[in-house]
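Please work through the following exercises with the sequence and the model at hand. Each task is followed by a worked solution.

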Amino acid sequence: MPASTLPDDIATLKRMLASREETIERLLAEIARLKRWQYGRSSERMVELMGQLQLALDDPPVPGQEAKLTCAAVAPAEDIAPEIGETAKVVPLRRKSREFPAHLPRETIVHAPADCDCPECGARMRMLGEDVSEMLDYVPGYFKVLRHVRPKLSCGRCAKVSQEAAPSRPIARGMAGAGLLAQVIIAKYADHTPLYRQAGIYRRAGIELERATLASWVREAGSLLQPLADAVGRYVRQAHKIHTDDTPVPVLEPGRGKTRTARLWTYVRDDRPAGSRAPPAVWYQYSPDRKSERPRAHLTGYSGILQADAYSGYDAVYPL
């Protein structure tokens with residue numbers, strides 16, 4: 001503060017000096033607390049605020065004026081420690097309105113006044129406009145029951161009874177629809193959710209599905225998908241060049257209470273780096289061991305380039 005602007009009254013100067021000292025002590029304590037938070041989860045949010053506090057020490061307020069911190073990139077006060085929000089008043093920036101994707105379904109909730117008459121004069125009010133705000137919410141996936149109704153028709157003259165044939169099911173006489181089977185398979189292999197956890201998730205929705213039932217569905221679904229897997233294998237082996245490798249897989253051994261090591265063999269067709277426009281594909285094969293007869297059986301009839309590591313089991317695949 002320039003000396004020319006200071007008052008000549010000694011009592012006023014004393015009050016200003018006392019206020020200045022009090023402000024400095026408060027800001028120093030604030031900086032000390034922020035430094036303790038500097039290496040915490042919100043340390044990046046504190047950098048700008050600490051700079052503002054340091055600047056405030058250079059120009060303390062005069063008596064009767066409250067210390068104000070203008071923050072250009074500081075988190076709102078609720079994101080900072082409670083004791084910090086009590087001492088330093090943070091002015092949060094107004095967040096930019098976020099637009100949600102247009103394809104999301106919208107549920108409109110109208111909050112209309114219970115009475116459309118003016119509370120002052122009792123006249124009928126007309127609509128002036130409306131304010132619309134959107135929130136993003138989540139509704140967990142839900143089950144549904146497909147009721148297949150097949151009416152029976154009877155001829156009154158010849159007593160002939162006619163009825164449409166029952167639609168086919170993914171699993172014969174099974175209660176699972178195609179969507180439920182897809183959910184179980186994707187959750188197990190893509191989302192890595194074991195069947196016992198899935199059973200618990202479904203139980204919270206009021207659906208009792210035993211783990212053994214889910215395991216049976218997985219086995220049956222594997223049979224349904226086998227033609228697709230065979231088609232992928234044929235496509236991969238049509239390539240001039242194949243990349244291959246194997247990885248260990250722990251497998252439960254029934255009756256012994258322990259696991260054994262099996263193998264998952266991977267065969268990749270991908271010539272995009274060489275300018276090919278053929279779609280890439282991966283073909284997986286499982287085996288309970290790592291014997292050389294496994295890749296030899298997988299690549300029966302294949303003729304081309306095989307890129308593999310130095311595992312000796314591939315020696316039987318390469319011609320002498």
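The exercises below concern helix packing, strand pairing and cysteines.

The model is predicted: local features require pLDDT of at least 70, side-chain atom pairs count only at pLDDT 80 or more, and totals for chains, interfaces and linings use all residues. Residues are numbered from 1 along each chain as its sequence is written, and side-chain values use heavy atoms, with hydrogens and water left out.

**Exercise 1.** Identify the buried residues of helix 5 and what covers them.

Solution.
Step 1. Helices (H or I, at least four residues) and strands (E, at least two) are DSSP runs, numbered from the N terminus. Helix 5 spans residues 195–204.
Step 2. Buried means under 20% relative accessible area, exposed over 50%, and partly exposed in between (1.4 Å probe, protein chains only). In helix 5, L195, Q198, A199, G200 and Y202 are buried.
Step 3. Their cover includes helix 4 (178–189) and helix 6 (211–237), where contact means heavy atoms within 4.5 Å.
Step 4. After helix 5 comes G206, with a positive phi near 90°.

**Exercise 2.** Describe how helix 4 and helix 6 pack.

Solution.
Step 1. Axes are lines fitted to C-alpha atoms, for helices over the stretch in contact, and angles run from 0 to 180 degrees between N-to-C directions. The packing angle of helix 4 and helix 6 is about 95°, and their axes are 10 Å apart.
Step 2. Helix 4 is therefore roughly perpendicular to helix 6, the class for angles of 65 to 115 degrees.
Step 3. Helix 4 contributes L180, L181, V184, I185, K188 and Y189 to the contact, and helix 6 contributes L214, W217, V218 and A221.
Step 4. Nine of these residues are nonpolar, none polar and one charged; Ala, Val, Leu, Ile, Met, Phe, Trp, Tyr, Cys and Pro count as nonpolar, Asp, Glu, Lys and Arg as charged, and the others, Gly among them, as polar.

**Exercise 3.** Determine the sense in which strand 5 pairs with strand 8 and with strand 6.

Solution.
Step 1. Two strands pair if DSSP finds at least two bridges between them. Strand 5 (residues 241–253) and strand 8 (residues 305–307) are parallel, over three bridges, with K241 opposite I305.
Step 2. Strand 5 and strand 6 (residues 258–269) are antiparallel, over eleven bridges; P248 has R263 as its bridge partner.
Step 3. The hairpin of strand 5 and strand 6 has four residues between the strands, and G255 takes a positive phi near 90° there.

**Exercise 4.** State how many disulfides the structure holds.

Solution.
Step 1. A disulfide is a pair of cysteine sulfur atoms within 2.5 Å.
Step 2. The sulfur of C155 has its closest cysteine sulfur in C158, at 3.4 Å, too far for a bond.
Step 3. The structure holds zero disulfides.

Methods. Angles under 35 degrees count as roughly parallel, over 145 as roughly antiparallel, 65 to 115 as roughly perpendicular and the rest as oblique.
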